[in-house]
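Welcome! Take a moment to look over the sequence and the 3D view, and then read on for a guided tour.

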Amino acid sequence: MVFTMEIVDGVHLLKCKYYDIGLGIGLLTGKSVAVIDSGVSSTFQKEILPYLRNIGAEAKDISLVVNTHGHQDHMGGNAIIKEVCQARMAAHKLDIPWIEDLEKLFDHFHRKNSAYIPVTEETRK
C-alpha cells in the first residue's frame, strides 16, 4: 500500500499501487463498512483487508460497494468482495453494462482503444 489516512472520523483513503498512476479506494466506517471503488481483482486481499484489520474491522463488516464508474481499476474487486462479504453493489445505471459484462469493458478499452491500458492477465480480471 502506498499511502493510507483517515481523513475525518470514519472516512478513510487508501492510495494503492496501480501502474504508475496509483489507485484511490475510499472506506466509510461505522456500524458497517462501505467501499468506494473496489480497485482491481487483487486490491481486496492485498490492500483493503489488511487495512480493515489494522483499524479493527473485518471483511464481514463490508455491506456496500459503490463504484464511481465502470473502469476495471474501480470495479475489478467487486466479485471477490461480493463473494466474501455478501456486500451489495451500487453504480450509475450507465456503468452497469460494463460492470456486469467484463467482455464489453475489455472490448471498449482494449480492442477499440488499446493504448489506454496495457493488456495483461491482471487487466483482464
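The tour below goes from the overall fold to single residues.

**The whole chain**

The mean pLDDT of the chain is 86, and 85% of the residues reach 70 or more. Confidence is highest in strand S4 (residues 33-36), with a mean of 98, and lowest in helix H6 (residues 121-124), with a mean of 58. Where pLDDT is low, the predicted coordinates should not be read in detail.

How many helices and strands does the chain have? There are 6 helices and 6 strands. The chain has 125 residues, and 40% of them count as buried.

**The largest pocket**

Rolling a probe the size of a water molecule over the atoms shows where empty space is left. The largest pocket holds about 230 Å³ of space. Its lining has 13 residues, and the closest to the centre are Asn67, Asn78, Met89, Ile99 and Glu100. Which elements give two or more residues to this lining? They are helix H3 (78-85), strand S6 (88-91) and helix H4 (96-100).

Met89 and Leu64 are 25 residues apart along the chain, yet their C-alpha atoms are separated by 5.8 Å.

**Two residues with a positive phi**

Next come two backbone angles to look for. Asp37 has a positive phi of about 70°, although it is not a glycine. Gln86 is not a glycine either, and its phi is positive too, at about 60°. Asp37 is found in the loop between S4 and helix H1 (43-54), while Gln86 is in the loop between H3 and S6.

Is Asp37 buried or exposed? Asp37 is buried, because its relative accessible area is 4% and the buried class covers values under 20%. Gln86 is exposed, with a relative accessible area of 61%.

**A salt bridge**

The count of salt bridges in this model comes to 1. It joins the side chains of Lys60 and Asp61, with 3.8 Å from N to O. Of this pair, Lys60 is exposed, at 60% relative accessible area, and Asp61 is partly exposed, at 22%.

**Accessibility at a glance**

The table gathers the values for residues met on this tour.

| Residue | Relative accessible area | Class |
|---|---|---|
| Asp37 | 4% | buried |
| Asp61 | 22% | partly exposed |
| Lys60 | 60% | exposed |
| Gln86 | 61% | exposed |

How values were computed: Residues numbered from 1 in each chain as written. Predicted model: local features only at pLDDT ≥ 70, side-chain atom pairs only at ≥ 80, totals over all residues. Heavy atoms only, no water. pLDDT = per-residue confidence, 0-100. Helix = DSSP H or I, 4+ residues; strand = E, 2+ residues; numbered from the N terminus. 1 Å grid on protein atoms, 1.4 Å probe; cavity = no way out; pocket = protein on both sides within 12 Å on 5 of 7 lines; lining within 4 Å. Points joined across faces, edges and corners; volume = space filled by probe spheres on them. Buried < 20%, exposed > 50% of the residue type's maximum accessible area, 1.4 Å probe, protein only. Salt bridge = Lys/Arg side-chain N within 4 Å of Asp/Glu carboxyl O.
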